[in-house]
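Hi there,

Here is the structure we talked about.

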Amino acid sequence: MKSVSFTIIQLKVEQKNRQKNILAVENILAESAEIGDITLLPEMFSTGYIFDSAEEIHNLSEDFSHSETINSLTRMAKTYKTTLVAGIAEKENNQYYNSVAVVDENGLRYKYRKISQNRIDKQYFSRGENLLTFEFKGLKIGVAICFDIWFPELMRKYDEADVILHPANFGGQHSFAIAQARALENGQHILTCNRVGEDITNEFTASYCGGSRVYNPKGEEVVRLGDTQSSQTVVVEDLSLAPQYNGISLQEEMEEIRRILA
């Protein structure tokens, strides 16, 4: 199996400024000495995440069938020979979703809608209903958005994935501890792409801490970014079974444990 490289872009997102955020991603790619096979962007990278009203983000949400952001990502994918995995606010049939788009040089390939909801998501978005797993150069890749990672019940459904791509908007460090735990317990690479910057509302200012991470299937931290806008590329190779599970069938063991606890 050929190894797969991933570029994490820890973006300083400017609230409600789609064109500036898209341009910032392109500038980072243009200045990068190395760009991975897949480029990972934060949750809702083009708009920011917290607003004074649902109407504000609904007005910024895009129908993916004719989306300025998808079109721009398609062009970048072709220019820089990468597949982009990006958090975008989506509109479809008068419903709104906190979504991730997977975009290559041919356009939108897959999308995932956030299943978990914190109090912010509940104000703005409908809940997603389907997981997303896709294959890329021999790796099985799953997608989770921010708060999803806190739910082992959800993440265990990705038991066959080698890599979890995890766009996020974290303000604190607790979620990284959760991501590390998921990597260790599920025996997967987890790539968390956080953002930096602020979302300013009348009620409060939300600050985002950066610190994007990569954890390997042993739960070891392989990459940690700082607290400013930055990017880094990491190579992931197939470890379909984590070392801590050598000698057993993880699926069979989980089924036996479920039987006993039922």
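First, some ground rules. This is a predicted model, so local features need pLDDT of at least 70 and side-chain atom pairs count only at pLDDT 80 or more, while totals for chains, interfaces and linings use all residues. Residues are numbered from 1 along each chain as its sequence is written, and side-chain values use heavy atoms, with hydrogens and water left out.

Helices (H or I, at least four residues) and strands (E, at least two) are DSSP runs, numbered from the N terminus. I would start with strand E3, residues 83-92. Eight of its 10 residues are buried, so the strand is largely enclosed by the rest of the structure. Here "buried" means under 20% relative accessible area, "exposed" over 50%, and "partly exposed" in between, with a 1.4 Å probe and protein chains only.

Two strands count as paired if DSSP finds at least two bridges between them. E3 pairs with strand E2 (residues 38-40) in the parallel sense, over three bridges; isoleucine 38 has threonine 83 in E3 as its bridge partner. E3 also pairs with E4, this time in the antiparallel sense and over nine bridges. The E3-E4 hairpin has two residues between the strands, and asparagine 93 takes a positive phi near 50 degrees there.

What does the side chain of asparagine 98 make a polar contact with? Asparagine 98 is found in strand E4 (residues 95-104), where it is the bridge partner of alanine 89. Asparagine 98 counts as buried because its relative accessibility is 2%. Its side chain makes a polar contact with the side chain of glutamate 43 at 2.6 Å, and another with the side chain of aspartate 121 at 3.2 Å. (A polar contact is a pair of N or O atoms within 3.5 Å; within protein, one must be able to donate a hydrogen and the other to accept it, and residues adjacent in sequence count only if both atoms are side-chain atoms.)

**The six-stranded sheet**

Further along, six strands form an open sheet with mixed pairing, in the order E6-E7-E8-E9-E12-E13. Strand E6 (133-136) and strand E13 (221-224) are the edge strands, each pairing on one side only. From one strand to the next, the twist averages 20 degrees; axes are lines fitted to C-alpha atoms, for helices over the stretch in contact, and angles run from 0 to 180 degrees between N-to-C directions.

Within this sheet, strand E8 (residues 163-167) and strand E9 (residues 189-193) run parallel and are joined by five bridges. Proline 167 stands opposite cysteine 193 in E9. The loop between helix H6 (174-186) and E9 holds glycine 187, which is buried, with a relative accessible area of 4%. Glycine 187 lies 31 Å from alanine 33, C-alpha to C-alpha, and the two are 154 residues apart in sequence.

**Salt bridges**

Searching the whole structure turns up 19 salt bridges. The criterion is a side-chain nitrogen of Lys or Arg within 4 Å of a carboxyl oxygen of Asp or Glu. Among them are these:

- Lysine 20 with glutamate 14, with the closest N and O atoms 2.7 Å apart. Lysine 20 is partly exposed at 47% relative accessible area, and glutamate 14 is partly exposed at 32%.
- Arginine 224 with glutamate 221, at 2.9 Å from N to O. Glutamate 221 is partly exposed, at 37%.
- Arginine 259 with glutamate 256, with the closest N and O atoms 2.5 Å apart. These two are separated by about one helical turn because they are three residues apart in helix H7. Arginine 259 counts as exposed at 54%, and glutamate 256 as partly exposed at 34%.

There is also a network of salt bridges linking Glu90, Glu92, Lys111 and Arg113.

**A nonpolar patch**

Which residues form a nonpolar patch on the surface? Ile257, Ile260 and Leu261 do, with about 330 Å² of accessible area together. Areas come from the Shrake-Rupley method with a 1.4 Å probe, and for residues only the protein chains shown count as cover. Patches are made of residues with over 30% relative accessible area and no salt bridge; like charges are joined within 9 Å, and nonpolar side chains (Val, Leu, Ile, Met, Phe, Trp, Tyr) within 5 Å. Leucine 261 is in helix H7 (residues 250-261) and counts as exposed, at 69% relative accessibility.
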